[in-house]
Amino acid sequence: MNRFNLLTVTLFAIWIPGCISHPQTAEEFRKAVPGAFSAKVETFEVDRPFSQVAGTFQKMGPDCLSKTIKTTSQTTTSYQVIVTTYKPTVLVVGKKAELHVQQHHEQGVINVSKEPDGGYYLLVADAHPVTQTKTRIDLYRPSMGHGVLIQAVKNWATGENVGCPDLTK
Amino acid sequence: MTALATNQAMGKPLDHGRLALVMVSMCTASLLAGCFGSKTYPNTLDKNLRVHTTTDSGSWFSRVRAAVDIHGVGEDCTLDYEGTVQLADPKMDIGIPSHRWSYLVFVFANSSFLANTSGTITYETLLKPRAGSHYEVAVSYRDDMYHVGIRETSPNQSTSREIERLALRACRSSSGRK
């Protein structure tokens, strides 16, 4: 985790100005993101059937994101170790597929508010069929940092350059 | 010290600078070996895995190294670390036991010189090679994304099939192991 991501973590900790509380469910996260300082909603369509997008979420989510990551950063005056556990959840019900990504800091970050089971919500991606060949994605995501994770989820939706994100970045 | 200070092969003494360099190199090598705690995989079995590796950190100021740790898997799903193969070459042949579960841990270690940061991410899978079968493993790291894919080619067949990743927890399910 680089310093930029650490900044994002800190800003996520502040979350909504004047309100030190974190969303405790994916639905609360969806509702909170539009008004949050460090998060945004991104909507796009992909030329891919819904079933394929859902299938990729189901395969890649657990494969790539069920991880505990240890990163170190060092300067002449400091040495920092951050250990983070990510938890992906994929739900496919009817014509909706959801990918939730939570993160829990095991070491190196102080939590300032109640943490949901599995960790703070970091990203939620919802997929809905538009036509037989098109799928709409609503991506609730950080607006700063975590670019590799966001790009990976977009790739899973488009089906291009499908791989796992290096969560140490 | 006399023995160290004399380059016997060359038949002339080492100057102090070269001696210091040799000693620093030896110390660094031993420290690295101790820090990483890894041993080289013996790789003495018939080669049944061909690993194709491509890595690109995307920056002049960072580096990514790939390796695979090979573990044997006991009846009770305990792991027995057998060694590490550094995937330093684009194509490497590895021999792992057939008809027995192995646990392969592909390790991508990145380090940034400017930011002075480092991190390691892994991709793990169980694999039980079939005797006579050959396995092509594609390992890639590019644009901060990594991918590991394994394909199996059975004897006397020209086509191959993709091997699904199998997590270690599958070992505990008897149906997953038989």
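**Exercise 1.** How many residues of chain B are in contact with how many residues of chain A, and which strands of chain B each supply at least two residues of the side that touches chain A?

*Solution.* The model is a predicted one, and the contacts are counted between C-beta atoms that lie within 7 Å. Counted in this way, 19 residues of chain A meet 15 residues of chain B. On the side of chain B that touches chain A, at least two residues come from each of β7 (102-112), β8 (117-127) and β10 (145-153). The most is given by β8(B), which contributes six residues. Sorted by class, this side of chain B holds seven polar, six nonpolar and two charged residues.

**Exercise 2.** Determine how strand β2 of chain A is joined to β8(B), and state which residue of β8(B) stands opposite K70(A).

*Solution.* Strand β2, residues 68-74 of chain A, runs antiparallel to β8(B), and four bridges join the two. Within this pairing, the residue of β8(B) that stands opposite K70(A) is T120(B).

**Exercise 3.** Describe the packing of helices α3 and α4 of chain A, and classify the residues that make their contact.

*Solution.* Begin with the geometry: α3 (residues 50-65) and α4 (residues 147-158) of chain A pack at an angle of about 145°, their axes being 8 Å apart. The crossing of α3(A) past α4(A) is right-handed. Next, list the residues: α3(A) brings V53(A), T56(A), F57(A), M60(A) and C64(A) to the contact, while α4(A) brings A152(A), W156(A) and A157(A). Finally, classify them: seven are nonpolar, one is polar and none is charged.

Definitions and conventions: Residues are numbered from 1 along each chain as its sequence is written. Chains are lettered from A and ligands numbered from 1 in the order in which they are written. This is a predicted model: local features need pLDDT of at least 70, side-chain atom pairs count only at pLDDT 80 or more; totals for chains, interfaces and linings use all residues. Axes are lines fitted to C-alpha atoms, for helices over the stretch in contact, and angles run from 0 to 180 degrees between N-to-C directions. A crossing is left-handed if the near helix is turned anticlockwise from the far one by less than a right angle, and right-handed if clockwise. Two residues are in contact if their C-beta atoms, placed from the backbone, lie within 7 Å. Ala, Val, Leu, Ile, Met, Phe, Trp, Tyr, Cys and Pro count as nonpolar, Asp, Glu, Lys and Arg as charged, and the others, Gly among them, as polar. Two strands pair if DSSP finds at least two bridges between them.
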